[in-house]
Amino acid sequence: MTYDASIDAAIRKLHEEGRYRTFIDIERARGNFPHAVWTRPDGTRRPVTVWCGNDYLGMGQHPAVLEAMHEALDATGAGSGGTRNISGTTVYHKRLEAELADLHGKEAALLFTSAYIANDATLSTLPRILPGLIIYSDGLNHASMIEGVRRNGGAKRIFRHNDPDHLRELLEADDPALPKLIAFESVYSMDGDFGPIAEICDLAEEFGCLTYIDEVHAVGMYGPRGGGVTERDGLAGRIDIINGTLAKAYGVMGGYIAASARMCDAVRSYAPGFIFTTSLPPAVAAGAAASVRHLKGDAGLRARHQTQAKILKMRLKGLGLPLIDHGSHIVPVHVGHPVHCKMMSDMLLEDHGIYVQPINFPTVPRGTERLRFTPSPVHGPREMDALVSAMDELWAQCALNRAEVSA
């Protein structure tokens, strides 16, 4: 077996398809974000504006967050020292879980090292807790949910994206006596569309299903206190398990589920992804708790974020660009070809100092490659003008290049 040749062939295939991923080495500057410094492969440096970050509200540089992290670091040191079961549970972890349970109006919350792990660990463990469980999963669910459902060893059904009628057909076809769970998202991150939460909850109640929602791209940004779309729409009480992240709107790191105390107890007792993982550093938990606590009372920041997203969408539409707009804060511009998408990303970075990462297969289906912009309250008029001007110039230039290639 020639291992190196096989590895080289796999990497070469990505290059040939135009979807080889490169890491852009940037250094964020506290107090100056979204501005950063990009270090090129040759070691030279240039200033850039980040337009694809998930620190949606700029909380990664908020004084309350930094102060809490400094205090915890000085008090406890760097790491937690173990898993949650073996010396890795601290007052900082318990405070954060209490903040999250309160945020969603649930009895309890359970921390994980990421929202990916929270989804994977929970969904792969539930059939052990509920024998015979059937999971009904939206066709465009995040990779972490797909992976958790795939390897849980139980039955699964995939319903067409945001299609309650198809979900009903699948539910009606199964034994009503079997336990069931519907897994879906509130905001789908690649298109920015919303899940039909109320309709799915109606079906869940009719067929006796549990509900599991991923609010990763909504927590902190929607609802009176940042509880997500379920809070905004008054539906959190109808959801059994809410998954969220601390690495996007909250600007830190980690993931969680919020649910009944009984459910959290069962997951923490059975999920290998929780049991055998070192817990978050206390300083990270402290910073996340401070961020959650702050955003519960800062509706103004959420409003400014939504305003920035609306302005950017309006201006890009004014250029005639193929914008995907479902009313959320996510701003995807459809390119439709991996090579063209990467080319535009490279030109924006090198020629204009604008960093936006191309989104290619398998993150999105082939033929739907896009640039996904994430405006925030810290992107001001100057940054917005520069982006719109660059897109206007480059879109026309790339269209001309595409026409020449086709000819």
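Since the model is predicted, local features need pLDDT of at least 70 and side-chain atom pairs count only at pLDDT 80 or more, while totals for chains, interfaces and linings use all residues. Residues are numbered from 1 along each chain as its sequence is written, and side-chain values use heavy atoms, with hydrogens and water left out.

Let's start with strand β14, residues 370-373. Helices (H or I, at least four residues) and strands (E, at least two) are DSSP runs, numbered from the N terminus. Strand β14 is covered on both faces: Arg370 and Arg372 on one side, and Leu371 and Phe373 on the other, are all buried. Buried here means under 20% relative accessible area, with exposed over 50% and partly exposed in between (1.4 Å probe, protein chains only). Two strands pair if DSSP finds at least two bridges between them. Strand β11 (residues 331-334) pairs with β14 in the antiparallel sense over four bridges, and Val333 sits opposite Leu371. Strand β13 (residues 358-359) also runs antiparallel to β14, joined to it by two bridges; here Pro358 stands opposite Leu371.

Val356 counts as buried because its relative accessible area is 0%. Contact means heavy atoms within 4.5 Å. Leaving aside residues up to four places away in sequence, Val356 touches Cys52, Ser345, Leu348, Leu371, Arg372 and Phe373.

Strand β12 itself belongs to an open sheet of four strands, ordered β1-β2-β3-β12, with mixed pairing. One side of β1 (26-28) and one side of β12 have no neighbour in the sheet, because these two stand at the edges with a single partner strand each. For β12, a parallel pairing over two bridges links it to β3 (residues 45-50), with Val50 opposite Tyr355. Helix α13 (residues 338-352) lies across β2 (35-39), β3 and β12, at about 125° to β3. Axes are lines fitted to C-alpha atoms, for helices over the stretch in contact, and angles run from 0 to 180 degrees between N-to-C directions.

Now for a pair of helices. The axes of α3 (residues 91-104) and α11 (residues 282-295) come within 8 Å and cross at roughly 25°.
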